[in-house]
Amino acid sequence: MRLYLIARHAETSLNIERRVNGDPSVEVPLTEHGREEARQLGIQVANVPLDLCVHTSFGRTRDTAAIALAGRNVPTIVEPLLDDIDVGELEGRSIDDYRAWKRVHSRSEPFPGGESLDDAARRYARGVRALLARPEARMLVVCHEIPLRYALNAAAGSDDPDGPVHALGNATPYLFDGSALERAAAQVERIGTSPITG
């Protein structure tokens with residue numbers, strides 16, 4: 001059986017400050033609590049034989065993976081298709097500013113200077129398909145809250161990428177087999193062309 005353990009990165013300084021970051025060139029360090037969360041993730045996956053670890057272009061996913069897998073010989077690759085949403089001019093702004101912009105714009109409208117939620121959904125579907133196409137059978141994937149939330153909701157058949165599961169803890173592994181991840185990719189592709197607004 002193919003097994004995918006997918007986790008959001010550990011807590012960062014911007015999580016504490018409630019600010020958004022969609023630019024991987026901006027270094028955002030893990031907090032000390034986040035480093036402990038990453039160590040706990042390592043304990044949770046310690047008894048799973050992993051063939052590969054995948055993380056995004058962001059330092060927070062790389063650092064979470066490195067701490068979680070410290071002392072293990074697990075190959076690691078970067079998958080930028082699972083990067084956080086490019087929020088353009090909202091980079092570094094508050095989560096409240098981000099949510100306020102989302103409330104008055106459709107999913108198909110790009111953030112000023114960034115990408116749209118629909119564009120991101122289609123990119124996430126490609127990222128999930130890239131995971132499915134790999135030969136490795138057991139992977140740890142460290143990414144961001146939004147692609148993980150979309151995958152969880154889509155695998156359950158929801159037409160709403162933001163529900164019913166919404167808030168996800170940091171550095172908590174969610175398990176998917178190959179068929180669940182395939183369902184997620186197909187549903188996220190549909191979501192990326194949906195008329196849902198907000």
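**Salt bridges.** I counted 18 salt bridges, taking a salt bridge as a side-chain nitrogen of Lys or Arg within 4 Å of a carboxyl oxygen of Asp or Glu. Before going on, I noted that this is a predicted model, where local features need pLDDT of at least 70, side-chain atom pairs count only at pLDDT 80 or more, and totals for chains, interfaces and linings use all residues. Residues are numbered from 1 along each chain as its sequence is written, and side-chain values use heavy atoms, with hydrogens and water left out.

I looked at Arg-39 and Glu-36, whose closest N and O atoms are 3.0 Å apart in a salt bridge. The two are three residues apart in helix H2 (residues 32-45), so about one helical turn separates them. Helices here are DSSP runs (H or I, at least four residues), strands are runs of E (at least two), and both are numbered from the N terminus. Arg-39 is partly exposed at 34% relative accessible area, and Glu-36 is partly exposed at 33%. For the record, buried is under 20% relative accessible area, exposed is over 50%, and partly exposed is in between (1.4 Å probe, protein chains only).

Next I checked Glu-182 and Arg-129, which meet in a salt bridge at 2.7 Å, N to O. Glu-182 sits in helix H7 and Arg-129 in helix H5, so this pair ties together parts 53 residues apart in sequence. Glu-182 is partly exposed at 35%, as is Arg-129 at 29%.

Then I went to Arg-149 and Asp-162, a salt bridge with closest N and O atoms 2.6 Å apart. Arg-149 is in helix H6 and Asp-162 in the loop between H6 and S5, so parts 13 residues apart in sequence are tied together. Buried or exposed, I asked of Arg-149? Arg-149 is buried, at 6% relative accessibility, and Asp-162 is buried too, at 18%. Arg-8, Glu-145, Arg-149 and Asp-162 are linked in a salt-bridge network.

**Helix H6.** I stayed with H6, where 11 of the 11 residues are buried, so the rest of the structure largely encloses this helix. Its cover includes strand S1 (3-8), helix H4 (95-103), H5, strand S4 (138-143), strand S5 (173-177) and H7.

How do H5 and H6 pack, and at what angle? H5 (residues 117-133) and H6 (residues 145-155) pack at about 70 degrees, with axes 10 Å apart. Axes are lines fitted to C-alpha atoms, for helices over the stretch in contact, with angles from 0 to 180 degrees between N-to-C directions. H5 and H6 are therefore roughly perpendicular (65 to 115 degrees; under 35 is roughly parallel, over 145 roughly antiparallel, the rest oblique). Leu-117, Ala-121 and Tyr-124 of H5 make the contact with Ile-146, Pro-147 and Tyr-150 of H6, contact meaning heavy atoms within 4.5 Å.

H6 and H7 (residues 178-191) pack at about 100 degrees, axes 8 Å apart, which makes them roughly perpendicular. Tyr-150 is one of the H6 residues in this contact, and Arg-183 one of those from H7.

**Cysteines.** I found zero disulfides, a disulfide being a pair of cysteine sulfur atoms within 2.5 Å. Cys-53 is buried at 0% relative accessible area, and Cys-143 is buried at 2%.
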